[in-house]
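Work through the exercises below with the coordinates open. Try each task before reading its solution.

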Amino acid sequence: MTHLADLPVWAAIPVALFLVTGAALALIGSIGFLRLRTFYERVHAPTLGTSMGIGFVLLASMLCFTVLQSRLALHEILIAVFMVVTTPITLMLLARAALYRDRSEGSGDVPPAPPA
């Protein structure tokens, strides 16, 4: 039914390893998100899990489709570039917004703003 049955064993093994590793890293990031207590701790774990996990899944996809189509499949690199650029920027903007909110509410859990 699918073309994945045509994937040779020498390529199927690394593809499976990359997929399992990517899924495990995403799972670890999700568990970290659930277990950590504060917002500042919580934003860090899924960011790392997403970045590393998506990297391994994209490697698996690139290898699989390169072997199946007998040509270099590079369109996954564009997905990786967008993920690598947007994930840290999103983390930084969320953390800064939360820090601003906590400082304006007078929370003692965050350091005070530097003098201007």
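The exercises cover confidence, helix packing, a salt bridge, a backbone angle and C-alpha distances in a predicted model.

**Exercise 1. Confidence**

Find the mean pLDDT of the protein, then state which helix has the lowest confidence and which the highest.

*Solution.* 
- Step 1: average over the protein. The mean pLDDT is 87.
- Step 2: apply the threshold of 70. Of the residues, 99% reach 70 or more.
- Step 3: go helix by helix. Helix α2 (residues 39-42) has the lowest confidence, with a mean of 84. Helix α1 (residues 9-35) has the highest, at 92.

**Exercise 2. Packing of α3 and α4**

Determine how α3 and α4 are oriented to each other, and which residues make the contact.

*Solution.* 
- Step 1: locate the helices. α3 spans residues 44-69, and α4 spans residues 75-105.
- Step 2: take the geometry. The packing angle is about 180°, and the axes are 10 Å apart.
- Step 3: classify. Angles over 145 degrees count as roughly antiparallel, so α3 and α4 are roughly antiparallel to each other.
- Step 4: list the contact. α3 contributes His 44, Thr 47, Thr 50, Ser 51, Ile 54, Leu 58, Ser 61, Met 62 and Phe 65. From α4 come Glu 76, Ile 77, Ile 79, Ala 80, Met 83, Thr 87 and Leu 91.
- Step 5: sort by type. The contact residues are nine nonpolar, six polar and one charged.

**Exercise 3. The salt bridge**

Count the salt bridges, name the partners and decide how accessible each partner is.

*Solution.* 
- Step 1: count. The structure holds one salt bridge.
- Step 2: name the pair. The side chains of Arg 101 and Asp 102 meet, with an N to O distance of 3.2 Å.
- Step 3: check the cut-off. A salt bridge needs that distance to be within 4 Å.
- Step 4: Asp 102 has a relative accessible area of 11%. Buried means under 20%, so Asp 102 is buried.
- Step 5: Arg 101 has a relative accessible area of 41% and is partly exposed.

**Exercise 4. A positive phi**

Where is Ser 70 found, what is its phi, and is it buried or exposed?

*Solution.* 
- Step 1: Ser 70 is in the loop between α3 and α4.
- Step 2: read the angle. Its phi is positive, at about 55°, although Ser 70 is not a glycine.
- Step 3: Most residues other than glycine have a negative phi.
- Step 4: check accessibility. Ser 70 has 68% relative accessibility. Exposed means over 50%, so Ser 70 counts as exposed.

**Exercise 5. Distances from α4**

*Solution.* 
- Step 1: Ile 79 lies in α4.
- Step 2: Leu 94 has its place in α4.

Definitions and conventions: Residues are numbered from 1 along each chain as its sequence is written. This is a predicted model: local features need pLDDT of at least 70, side-chain atom pairs count only at pLDDT 80 or more; totals for chains, interfaces and linings use all residues. Side-chain values use heavy atoms; hydrogens and water are left out. Axes are lines fitted to C-alpha atoms, for helices over the stretch in contact, and angles run from 0 to 180 degrees between N-to-C directions. Helices (H or I, at least four residues) and strands (E, at least two) are DSSP runs, numbered from the N terminus. Angles under 35 degrees count as roughly parallel, over 145 as roughly antiparallel, 65 to 115 as roughly perpendicular and the rest as oblique. Contact means heavy atoms within 4.5 Å. Ala, Val, Leu, Ile, Met, Phe, Trp, Tyr, Cys and Pro count as nonpolar, Asp, Glu, Lys and Arg as charged, and the others, Gly among them, as polar. Buried means under 20% relative accessible area, exposed over 50%, partly exposed in between (1.4 Å probe, protein chains only). pLDDT is the predictor's confidence in each residue, from 0 to 100.
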